Amino acid sequence: VFTMLPVFSLVLDEDVDAKTAFMYPELYKELQKGRRLCTRTFLTWVFKSIYQGGIIMMLAILMFDDSFLHIISITFTALILTELLMVAFEV
């Protein structure tokens, strides 16, 4: 359920009409300059995700070495919590 909601929210996503976009041009300044959607930003996101995944996996293996069968659920829970924190810090 928790992993389905962000994906399902894309179904409900709608573009704004031209009238609304022209009423609030400051919302689109960053995109017009090309700062938000560039190769550097994408590679930064990729590096962050690899780094976070590596840290989560290493800590889970080191901390829960005796319960190796449950390590998948432990790391998945840690990943979900980490992503929720990242979203909270961005907003």
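Helices here are DSSP runs of H or I with at least four residues, strands are runs of E with at least two, and both are numbered from the N terminus. By that rule, Gln 52 lies in helix H4. This is a predicted model, where local features need pLDDT of at least 70, side-chain atom pairs count only at pLDDT 80 or more, and totals for chains, interfaces and linings use all residues. Residues are numbered from 1 along each chain as its sequence is written, and side-chain values use heavy atoms, with hydrogens and water left out.

Start with the whole protein. It has five helices and zero strands. Along the sequence the pattern reads α-α-α-α-α. Of its 91 residues, 7% count as buried (under 20% relative accessible area with a 1.4 Å probe, protein chains only).

H4 spans residues 39-63 and H5 spans residues 71-90. They pack at an angle of about 140°, with axes 10 Å apart. Axes are lines fitted to C-alpha atoms over the stretch in contact, and angles run from 0 to 180 degrees between N-to-C directions. That angle makes H4 oblique to H5. Oblique is what remains once angles under 35 degrees (roughly parallel), over 145 (roughly antiparallel) and 65 to 115 (roughly perpendicular) are set aside.

Which residues make the contact? From H4 come Lys 48, Gln 52, Ile 56, Met 57, Ala 60 and Ile 61. H5 gives Ile 71, Ile 74, Thr 75, Ala 78, Leu 79, Thr 82, Glu 83 and Met 86. Contact means heavy atoms within 4.5 Å.

Return to Gln 52. It is buried, with a relative accessible area of 16%. Leaving out residues up to four places away in sequence, Gln 52 touches Thr 82, Glu 83 and Met 86.

Definitions and conventions. Buried < 20%, exposed > 50% of the residue type's maximum accessible area, 1.4 Å probe, protein only.
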